[in-house]
Amino acid sequence: MSTPVIEISGVKKIYRMGETEVFALRGVDLTVTAGELLAVMGSSGSGKSTLMNILGCLDIPTAGSYVLDGIRVDGMSRNDLADLRNRKLGFVFQGFNLLPRTSAVENVELPLLYDRTARWTNTRQLAAEALERVGLGARLEHQPSELSGGQQQRVAIARALVTQPTLLLADEPTGNLDSRTSIEVMALFQALNEQGITVIIVTHEPDIAQYAHRVIEVRDGRIMKDHAVAAPRSAADDVARLDAEAAELAAGVTKEAA
Ligand SMILES: Nc1ncnc2c1ncn2[C@@H]1O[C@H](COP(=O)(O)OP(=O)(O)O)[C@@H](O)[C@H]1O
Ligand SMILES: [Mg+2]
């Protein structure tokens, strides 16, 4: 039996906006075990980001309990939450959130330098290794503006990985990418998951969710569906298929021109 990485129960989140209250989460129970690749689906405003922010210890629930990798999160101080985030979690966002005019390797190195426990040495080398892991070993000195969207997201994934997290949280990581690049990024998440990292990905695209092993659907602040995917698609296979189709097309064009 795998150990739970995440155990939340009865989690509610109410935002107060002056006189009105917004019920973003209305009682969520969720257990995620080590090694899962989970997709969180739901339409805009359903509460996906609120849930991710709570799972990521970036926000505190109004009610309910949360145990992360065996550690009780509720009631922790801000500093303890920050340390827990640093030790256990990696974040990937829709907009990449890289520092401009800063090289890829420096962007990836930042979480190591910001660690309050100063537990890292050889930070530059660790950052370079993380970039190699995402296929960007030859782009260490490139700035974000010198990289494609897919490459920028890979840098962001390397930055999330560099602290060796237990859990990777990605909120709409393919939201700013074209469909082919999205599949490439999903192939990377699948590969990292196979190497043992638990991954939770928020998406509202069914095409993206089909690469997960389990899909939950959030609606109106509640989990409405939770099902295992018997045979998830392989994103690497899909990329290879697209390449083969493109090659065939190119060969056809060359023939016609001859
Ligand atoms: N900081 C906030 N203050 C007030 N309301 C918020 C805040 N963040 C989110 N909400 C509201 O909570 C609900 C859920 O939002 P969110 O979790 O961002 O949904 P999703 O990510 O699924 O689009 C929405 O009605 C949204 O307007
Ligand atoms: Mg959102």
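**Exercise 1. Helix 3 and helix 4**

Determine whether the crossing of helix 3 and helix 4 is right-handed or left-handed in this predicted model, and describe the packing of the pair.

Solution. 
1. The crossing of helix 3 with helix 4 is right-handed.
2. Two packed helices are described by the angle between their axes and the distance between the axes.
3. For helix 3 (residues 104-114) and helix 4 (residues 123-133), the angle is about 120 degrees and the axes are 8 Å apart.
4. Helix 3 is therefore oblique to helix 4, since angles of 65 to 115 degrees count as roughly perpendicular and those over 145 as roughly antiparallel.
5. On the helix 3 side, the contact is made by Ala104, Val105, Val108, Glu109, Leu112 and Leu113. Helix 4 meets them with Thr123, Arg124, Leu126, Ala127, Ala128, Ala130 and Leu131.
6. Sorted by class, the residues of this contact are 10 nonpolar, 1 polar and 2 charged.

**Exercise 2. Helix 3 and helix 5**

Find how the axes of helix 3 and helix 5 are arranged, and list the residues that meet.

Solution. 
1. Helix 5 covers residues 149-161, and its axis comes within 7 Å of that of helix 3.
2. The two axes cross at roughly 30 degrees.
3. Angles under 35 degrees count as roughly parallel, so helix 3 is roughly parallel to helix 5.
4. The handedness of this crossing is right-handed.
5. Ala104, Asn107, Val108, Leu110 and Pro111 of helix 3 meet Val155, Ala158 and Arg159 of helix 5.
6. The class count for this contact is 6 nonpolar, 1 polar and 1 charged.

**Exercise 3. The shell around ligand 1**

State which elements supply the shell around ligand 1, and which of them gives the most.

Solution. 
1. The residues around ligand 1 are Tyr15, Met17, Val22, Ala24, Gly42, Ser44, Gly45, Ser46, Gly47, Lys48, Ser49 and Thr50.
2. At least two shell residues come from each of strand 1 (4-17), strand 2 (20-33) and helix 1 (48-55).
3. Helix 1 gives the most, with 3 residues.
4. The shell divides into 4 nonpolar, 7 polar and 1 charged residues.

Note on methods: Residues numbered from 1 in each chain as written. Chains lettered and ligands numbered in written order. Predicted model: local features only at pLDDT ≥ 70, side-chain atom pairs only at ≥ 80, totals over all residues. Near = placed C-beta within 6 Å. Helix = DSSP H or I, 4+ residues; strand = E, 2+ residues; numbered from the N terminus. Nonpolar A, V, L, I, M, F, W, Y, C, P; charged D, E, K, R; others polar. Axes fitted to C-alpha atoms, helices over the stretch in contact; angles between N-to-C directions. Left-handed = near helix turned anticlockwise from the far one by under 90°. Contact = placed C-beta atoms within 7 Å.
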